[in-house]
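Here are my notes on the model you asked me to look over.

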Amino acid sequence: MDSGRDGGGRSVFRRNLLRSIGASGLAGLAGCGGSEGVTDGDGTPTPTPVGNYPVSGDSVTFGFNVASSGTYSTSGQQELRGFELAVKHINNGGGWVTNDSYESPLDGDGLLSKNVEYAVEDTGGSSDTARTNAQRLVDSEEAIMLAGGTSSAAGVANQEVAAQNQVVYMATMAHGNTLTGADCNRYSFRELFNSHMTAEALAPVLREEYGEDVNYAKFFERNDWGKALQDDMDRVLGELGWSPVWERSSQVGTTDFSQYASEIESVDFDVIVLGLRGLNAVNALRAFRETFPDSDIVLPLASLEVAQTAGGAIDGVIGTVAWTPAITSSLSDAFRETFREEYSSTTGSAKSAVPSGSAYIAYTQTLQYASAVERAGTFNPIEVIGELEGHEYDAGLGTQTLRACDHQATRRVPVVRGKPEVQQSYGTYYGLVGQPANVQYACDSGPAASCSLGGN
């Protein structure tokens, strides 16, 4: 991609400088603003290099690192659509950029007088690939920001690279607690809720639906995300008086869950809890529904992508979603309609052009970064971070804040119930269960208690 840089010389200088003195040392040179300090040959002050700042030329590049293939590919493909739509609106107007309800300095004529371009990498759901991709986006594409993270492991990899290179990272579908907990860093921000918030949002709904004396069978992914989600769900379900009576886990990429469904035929359970995502969740839902067609199932992190593929198996399933078209507000409606207009012609189907929570998060995070750049009046990551921290905004769910203490959005969590297959027309796979839950927690509790952002 021709990004309009001056032969790459200054970018190489910035990266070599960073690696030689370290991120904290470079930030010290930059100070809070880092706007000046290096002098051109004619004595004109120029900005101090920080990451891939300053940006030269007429364009600037965003780096999108998503799972376009693999177990999480359907979510990754929706993320990419959300990213692309956000870039289009930043450059040409439309959507939230020209919506009166979206309080932002964006005007639809690029970003700080530069055209926004983007480069895309496919993680395949692998954290190692995500890490390699992120570094390439920073080095070869000179990305001024990174976004993506279709899985929690890929999200952690992205944010590690972002911090090492002093590039802002806007996480998407990375749901693990550690992203804004033990692994948090100054350069990373997350709009999506975490597994702690998912469990808190589900608890009152599950008490109302099933009562307090319940036996549950549980099945979770065999990885850090799955273990953390299991711990959170066990905690809130234990507080409800629920008792686990069967437990299994599987690796990402498992396709046959029939053996596990057969195992619990002799188990006295009331509810099945499936801590799975992507195709794992689809395959498990189908297997358990085939053996137990009338069973009550909880899918803590549900999605439109899973519902589309699972079809009738999602009927009655309770879970949380990043966002759903069932949410009505000025911004939610604007996103839904502009997304449909953009992609119905390319997909040939109005149903397949319905946006998912993954697309919504990608769109939101991209515009949040761009708005912060405009407010700061610079691409300097130190100043952009300052604009993101503590920023109050509405993303269609009401007022929320990107907290300064852990860079987690204090957003509401929609709880949904899957619809029968006969009602899944025009992409309406879930119905809201009440209003999206307010599950905020203090900066000294939950995952935030383990977060230490450190200095710049």
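The points below cover the sheet, a pair of helices, a pair of strands and the disulfides.

1. First, some ground rules. This is a predicted model, in which local features need pLDDT of at least 70 and side-chain atom pairs count only at pLDDT 80 or more, while totals for chains, interfaces and linings use all residues. Residues are numbered from 1 along each chain as its sequence is written, and side-chain values use heavy atoms, leaving out hydrogens and water. Helices (H or I, at least four residues) and strands (E, at least two) are DSSP runs, numbered from the N terminus.

2. Have a look at the open sheet. It has 7 strands in the order E9-E8-E10-E11-E12-E16-E17, with mixed pairing; two strands pair if DSSP finds at least two bridges between them. Strand E9 (243-250) and strand E17 (430-432) stand at the edges with a single partner strand each, so one side of each has no neighbour in the sheet. From one strand to the next, the twist averages 25°.

3. Within that sheet, strand E8 (residues 215-221) pairs with strand E10 (residues 271-275) in the parallel sense, over 5 bridges.

4. How is H7 placed against helix H6 (residues 195-210)? The two pack at an angle of about 30°, with their axes 9 Å apart. That makes H6 roughly parallel to H7, a label for angles under 35 degrees. The crossing of H6 and H7 is right-handed, meaning that the near helix is turned clockwise from the far one by less than a right angle. Residues in contact (heavy atoms within 4.5 Å) include Ala199, Leu202 and Leu206 of H6 and Ala228, Leu229 and Val236 of H7.

5. Elsewhere, strand E5 (residues 145-148) runs parallel to E6, joined by 4 bridges. Leu146 has Tyr169 of E6 as its bridge partner. In E6, Val168 and Met170 point one way, Tyr169 and Ala171 the other, and all are buried, that is, under 20% relative accessible area with a 1.4 Å probe and protein chains only.

6. Now the disulfides. Counting pairs of cysteine sulfur atoms within 2.5 Å, there are 2. One joins Cys184 to Cys451, S to S 2.1 Å; this link is right-handed, with 100° about the S-S bond. Cys184 lies in the loop between strand E6 (168-171) and strand E7 (188-190) and Cys451 in the segment after strand E18 (437-438), so the pair ties together parts that are 267 residues apart in sequence. Both Cys184 and Cys451 are buried.

7. Cys405 and Cys443 form a disulfide too, with sulfur atoms 2.1 Å apart. The torsion about the S-S bond of Cys405 and Cys443 is about -75°, so this disulfide is left-handed. Cys405 is partly exposed at 26% relative accessibility, and Cys443 is partly exposed at 38%; the label covers values between buried and exposed, the latter being over 50%. Numbered in sequence order, the bonded cysteines pair 1-4, 2-3.

Key:
Axes are lines fitted to C-alpha atoms, for helices over the stretch in contact, and angles run from 0 to 180 degrees between N-to-C directions. Angles under 35 degrees count as roughly parallel, over 145 as roughly antiparallel, 65 to 115 as roughly perpendicular and the rest as oblique.
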